[in-house]
Amino acid sequence: MSAATSSATATSTGAHAALLSVYCIAGVGAESEPLRTLLGRLVSRIELPRAVVLRASLGEHTRLSLQGPGILRVAPAGLERSLIEVGEGQLVADFEGDGTRGLSVQTPHMHVDVVGTRFAIDVRTERSVIHVEHGTVQVQLGDRSVRVSEGETFDSRERAVRRKSLPPALARMLHDHARSLLPPPAGEQRALTVEGAGAGLRARLGDALLGPTPVAALVPLGEVAVTFELDPAARRRSQPSSSSAEALYAAAEECMRVSEPACARARLAQLIESFDRSPQAATARYELARLVQHAEGCTSAAPLWRDYLRLHPAGHLAAPAREQLARCERDGSAQ
């Protein structure tokens, strides 16, 4: 996959200032040099292009994710206290407070003092919205002070605390942040770049979510296993129509034409999930089993061959599917 043109700004300051340590960048453009060079650096200001997600730590007690387009700056705000200024973007952060340290967030519309919590904040031109998932924050809006607790949302334009459902994008970001690389990897590390997986996929490192591909991340030394899953956001953006089974199969074929098997597997899995009774689903199951066997071997593929034969015992690909399953069982690698 070729690097997308992206703009990224990072400013480093002296050791006395509060600094962000960047350990994961994901999304279109993450593999480009301006963004990839942020990995492992200590920076005080970040400007992200659209569709990029950055994950970083601020000392030992704050972990954050920023969704671009976004502008963020950090600075000391007194002894054991840091200030995060968010000029634009969506920010999710965890902060462990103990009474001796503090965290504040400043947007163009309000000031937030964080007691110890996980929160999400969406900063736009006309308003800022903060949602508290755990803990409590204190919001200062002009001469008014508002306490926002677990499960509550405050909108600077409405000037009111409410219990209401979050916008899907912000709710998804909160969910993904909780599943991401938290805390950042300790000990010796190396940079990992995941490219060429195709659009609409997310990369995982073990149980931890890295983010939408492509991805650049700091990971522990040694062998690592990266897996892929469909990006729910991409799936929602392209809800299948009555003819999408054909379109998804054509997309899988195109992925194979450009030598992106992970992309092909994702498209076939999406077809099977969305159109399990369509004529294309049988062929998709066969092709998915074949691709999995090539990539991961019989242990992973044998259950897919059995699934195909259970659902399509008289299908036109049943004979070669039986041959592949028999080969796996004969080799003794199929459980």
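A salt bridge here is a side-chain nitrogen of Lys or Arg within 4 Å of a carboxyl oxygen of Asp or Glu. The model is a predicted one, and a search of the whole structure finds 14 salt bridges.

Begin by selecting Asp-94, Arg-118 and Glu-133, which a network of salt bridges links. Within this selection, turn to Glu-133 and Arg-118: their closest N and O atoms are 3.1 Å apart. This pair links distant parts of the chain, as Glu-133 belongs to strand β11 (residues 128-134) and Arg-118 to strand β10 (residues 117-123), 15 residues apart. Glu-133 counts as partly exposed because its relative accessibility is 25%, whereas Arg-118, at 17%, is buried.

Next, select helix α2, residues 168-179. Its twelve residues should span 16 Å at 1.5 Å a residue, and the distance of 17 Å between its end C-alpha atoms agrees with this. The buried residues of α2 are Leu-170, Met-173, Leu-174, Asp-176 and His-177.

An α-helix has 3.6 residues a turn, so residues three or four places apart point the same way. Arg-179 has a relative accessibility of 23% and therefore counts as partly exposed.

Which distance separates the closest N and O atoms of Asp-176 and Arg-202? In this salt bridge they are 2.8 Å apart. Asp-176 lies in helix α2 and Arg-202 in strand β17 (residues 201-205), so the pair ties together parts 26 residues apart in sequence. Both Asp-176 and Arg-202 are buried.

Definitions and conventions
Residues are numbered from 1 along each chain as its sequence is written. This is a predicted model: local features need pLDDT of at least 70, side-chain atom pairs count only at pLDDT 80 or more; totals for chains, interfaces and linings use all residues. Side-chain values use heavy atoms; hydrogens and water are left out. Helices (H or I, at least four residues) and strands (E, at least two) are DSSP runs, numbered from the N terminus. The expected span of a helix is 1.5 Å times one less than its number of residues. Buried means under 20% relative accessible area, exposed over 50%, partly exposed in between (1.4 Å probe, protein chains only).
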